[in-house]
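Hello,

Here is the structure I promised to pass on to you. Have a look at it first, and then read my notes below.

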Amino acid sequence: MTVPALTLSASGRPAGDSDTGNAGDAQSILERQRARESSARTYARNFPIVPARAHGMTIEGIDGRRYLDCLSGAGTLALGHNHPVVREALQRTLDSGAPLHVLDLATPEKDDFTDALFETLPEAFADRARVHFCGPAGTDAVEAALKLTQTATGRRGVLAFTGAYHGMTAGALATTGSVAVKEPVPGGGAAGGEVTRLPYPYSYRCPFGVGGERGAELAATYTERLLDDPSGGVVRPAAMILEAVQGEGGAVPAPDTWLREMRRITRERGIPLIVDEVQTGVGRTGAYWAIEHSGAVPDVMVMSKAIGGGLPLAVIVYDRDYDGWLPGAHTGTFRGNTMAMATGAATLRYVTREGLVERAAMVGARMSARLEGLRSELPLIGDVRGRGLMIGVEIVDPDGPLDSCGSRPVAPELAARIQEGCLKRGLILELGGRFGSTVRLLPPLVITDEEAESVLERLTEAIAEVAKAAKSVDGSGAAGVSGRAA
């Protein structure tokens, strides 16, 4: 399953290429990227490839190598690369002569996208919904949601959770849980008010050390009592923001009972509930919107990534009672992306028409069950979790001590080797979670049965190879996971 290695000539060009200067040579492009782009590059560090073509789940580099893409633009490409429905929408819009940039003016494309979006919403939410088009990234939509609720309530503070990821701009960064991205920024970002961090239910590494349903119950109880404690130090906030399944946090799904409790707790105390559906939306979890699994109805939903059909688009949809903004309260030059609205509407309707929500649930359950079945054979797999086609495989030191939840220590170095082994086998996937020890699978919703089988085969081979290498170091595996964060 190993992808053939690219042979380079002395000049650094693929063997057999002309030595007259090939600007498309992968190595020279990568070298220029390293020299010219910022040190904040992320995916390019883990995937030293130069994509030239892509279709469906397959990416082909300029060197001819092909890869199965199990990252899908961090969940953006619900229909994979260059889907015919998306390409047709692009071509139709271009041929129509529609204006590609009109700020926030009304256009037929915007009207059609709004219709398509509202058709996907839970009925109880859609009947009272207003939509605001934001700047083209999810983080700006988070900023808009925070500003909306702060304006409506006259309050400033925000309730956010451990393990959360909401973006990289000031307010979104403040609500994000990752210490690594917050620490270098003075103040760790700012949300226009204090952020109170609450425990997110994470069964495998329960913050209360008990796991399971009991851990989720304790998390809910802690939240309610903290908010009601006159000496708890929490002034009534402007909002609570949460993810129904934490993505960057390691594909950690919140129990439906806990989500319903968060809805009850916030409603009873007059605190708007914001649900961040940037990565979980458009069918990825086996429901059109992840919050639907629980039946809870939020006050604000934050949406981006897949809603644009692969092009930049972000919106918030919220209960009309919160629509107290003045004109221009949250504006931006690129709120009228006509092309993204056209491709977004086409994608939203295709997902519904082709039953891709149900397929994501079915294929995701099948893949998760297969991976769960490997735990006894490959004890590097500590936990398999997620929902639909949002799957996390937490990699652990199989010889490390068990904690109170029965969990082994994280093994980020082994996870990184598994990622490298997958790339060698032609499989692109990302790491996430605490300490970067969780292998994350985010395939497009159009993944075929054969592609799903190939993903599992390549991932299994990579895990087995890393496990064997770790064991062979000293016969126990201890040296193979040196330097792990415990």
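**What I found**

Val384 has Val393 in β14 as its bridge partner. That pair belongs to two antiparallel strands, β13 (residues 381–387) and β14 (residues 390–395), which are joined by six bridges. Two strands count as paired if DSSP finds at least two bridges between them. The names come from DSSP runs numbered from the N terminus: helices are H or I runs of at least four residues, and strands are E runs of at least two. The hairpin of β13 and β14 has two residues between the strands, and Gly388 there takes a positive phi near 60 degrees. Five of the seven residues of β13 are buried, so this strand is largely enclosed by the rest of the structure. Here, buried means under 20% relative accessible area, exposed means over 50%, and partly exposed is in between (1.4 Å probe, protein chains only).

A word on the source: this is a predicted model, in which local features need pLDDT of at least 70 and side-chain atom pairs count only at pLDDT 80 or more, while totals for chains, interfaces and linings use all residues. Residues are numbered from 1 along each chain as its sequence is written, and side-chain values use heavy atoms, with hydrogens and water left out.

In which order do the strands of the open sheet lie? The seven strands follow the order β4-β12-β11-β10-β7-β5-β6, with mixed pairing. At the edges are β4 (129–133) and β6 (195–198), each pairing on one side only. From one strand to the next, the twist averages 20 degrees. β4 runs antiparallel to β12 (residues 315–319), and five bridges join them. Ala129 has Asp319 in β12 as its bridge partner.

Helix α5 (residues 108–120) lies across β4, β11 (300–303) and β12, at about 130 degrees to β4. For such angles, axes are lines fitted to C-alpha atoms, for helices over the stretch in contact, and the angles run from 0 to 180 degrees between N-to-C directions. The 13 residues of α5 reach 19 Å from first C-alpha to last, close to the 18 Å expected at 1.5 Å a residue. The expected span is 1.5 Å times one less than the number of residues.

Which residues of α5 are buried? They are Glu109, Lys110, Phe113, Thr114, Ala116, Leu117 and Thr120. They cover an arc of only 165 degrees around the axis, which puts them on the same side of α5. The arc is that of the directions from the helix axis to the C-beta atoms. Turned away from that buried side is a face with the exposed residues Pro108, Asp111 and Glu119. The cover over the buried residues of α5 includes β4, β11, β12 and α12 (338–353); contact means heavy atoms within 4.5 Å.

**Helix α10**

Helix α10 (residues 212–228) has 17 residues that should span 24 Å, and its end C-alpha atoms are 25 Å apart, which agrees. Gly215, Ala216, Ala219, Ala220, Thr223, Leu226 and Leu227 are buried in α10. Seen down the axis, these buried residues fall within an arc of 135 degrees, so they line one face of α10. Exposed Glu213 and Arg225 sit on the face turned away from the buried side. Among the elements covering the buried residues of α10 are β5 (158–161), β6, β7 (239–242) and α11 (256–268).

α4 (residues 84–96) packs with α12 at an angle of about 145 degrees, and their axes are 9 Å apart. Residues of α4 in this contact include Val85, Ala89 and Leu94, while those of α12 include Met339, Ala346 and Tyr350.

Most residues other than glycine have a negative phi. Ser72 is not a glycine, yet its phi is positive, at about 55 degrees. Ser72 is found in helix α3 (residues 72–75) and counts as buried at 2% relative accessibility. Asn82, also a residue other than glycine, has a positive phi near 50 degrees. Asn82 lies in the loop between α3 and α4 and is partly exposed, with a relative accessible area of 39%.

Enjoy exploring!
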